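Here are my notes on the model you sent over. Have it open while you read, and go through the points in order.

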Amino acid sequence: MTNHTKTARAKKDDKGRPRQAATTQGSKRKAVSQKLPTSLKALNRLAAAASFGPAWINLDVMLLDATDLISVIITRQLPGEWLLPGVVLVDRSCLGAKDGFVGQPIRGEEGIMGFVEQVEARGPELETCEADFARSVVWHAMDYATTLGFRPHVDVPKHVIGPRPEPLIDTPGAHPEKPHYVTGPYDDIPLVRRRLDAAVGPGNYEVVPGF
């Protein structure tokens, strides 16, 4: 563990992606009472201009192999002590930002820790880290994936994780020696292989059977 990571706790649904907890009507009413926008588009605009809040990442991120998937939670601080969480499933050795979602606004430490625990319930144990460390992990993965012809998943919360930090922190697994593609049940495997063939040539990458 480095000084970029601390300690705490908060995992994936039947698609292998981090799952968002169901939002209660009470939470929505509270958001309205605090004059937060209720549409995702408006929340994204507000988040893009907001300061970063706490972040979380795999507890053993410093020890993981580059082919292991990483769960990242990044938050933005909204008015009224609300936090807007964004979750990203990171593939550092091939696809980059493999999946993600934006959560509903959450108020207070108890609320955000409940969200973290529900993400953690279906994936790895998480620990707190600096927002720039978490964002650097995501952006390194997306940068590498771009060189291979892959774009971030459409559900990745770009307004929460962006903009790209300059400079990026040199995070673990940020510079794979060659692509390692871990297959997923919902991947278009032939398409991924065609793009890898075009980017690095047949035989210059590994395909690892996944979940």
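In what order do the elements of the chain run from the N terminus on? They go α-α-β-β-β-β-β-α-β-α-α-β-α-β.

1. First, some ground rules. This is a predicted model, where local features need pLDDT of at least 70 and side-chain atom pairs count only at pLDDT 80 or more, while totals for chains, interfaces and linings use all residues. Residues are numbered from 1 along each chain as its sequence is written, and side-chain values use heavy atoms, with hydrogens and water left out.

2. The overall tally is six helices and eight strands. Both are DSSP runs numbered from the N terminus: helices are H or I with at least four residues, strands are E with at least two.

3. Now the surface. The chain has 211 residues, and 48% of them are buried (under 20% relative accessible area with a 1.4 Å probe, protein chains only; exposed is over 50%, and partly exposed is in between). The accessible surface comes to about 10400 Å², with 51% belonging to carbon and sulfur atoms; the areas come from the Shrake-Rupley method with a 1.4 Å probe.

4. Take a look at helix H4, residues 131-147. Its 17 residues reach 25 Å from first C-alpha to last, close to the 24 Å expected at 1.5 Å a residue (that is, 1.5 Å times one less than the number of residues). Because 13 of the 17 residues are buried, H4 is largely enclosed by the rest of the structure. Just after H4 comes Gly-149, with a positive phi of about 95°.

5. Next, Glu-120 in helix H3 (residues 108-120). Glu-120 is buried, at a relative accessible area of 5%. A polar atom of its side chain lies 3.0 Å from the backbone nitrogen of Leu-126. Asn-58 is 62 residues away from Glu-120 along the chain, yet their C-alpha atoms are separated by 9.3 Å.

6. How many aromatic pairs does a search of the whole structure find? One. The rings of Phe-101 and Phe-115 have centres 6.4 Å apart and planes at 65°, so the pair is edge-to-face (centres must lie within 6.5 Å; planes under 30 degrees apart are stacked, over 60 edge-to-face, and the rest tilted). Phe-101 sits in strand E4 (residues 96-102) and Phe-115 in helix H3, 14 residues apart, so the pair links distant parts of the chain. Both residues are buried.

7. Last one: the charged end of Arg-76 sits over the ring of Phe-52, 3.9 Å from its centre. The cut-off for this is CZ of Arg or NZ of Lys within 6 Å of the ring centre and within 35 degrees of the ring normal.

Terms used:
A polar contact is a pair of N or O atoms within 3.5 Å; within protein, one must be able to donate a hydrogen and the other to accept it, and residues adjacent in sequence count only if both atoms are side-chain atoms. Rings of Phe, Tyr and Trp (its six-membered ring) pair if their centres lie within 6.5 Å; planes under 30 degrees apart count as stacked, over 60 as edge-to-face and the rest as tilted.
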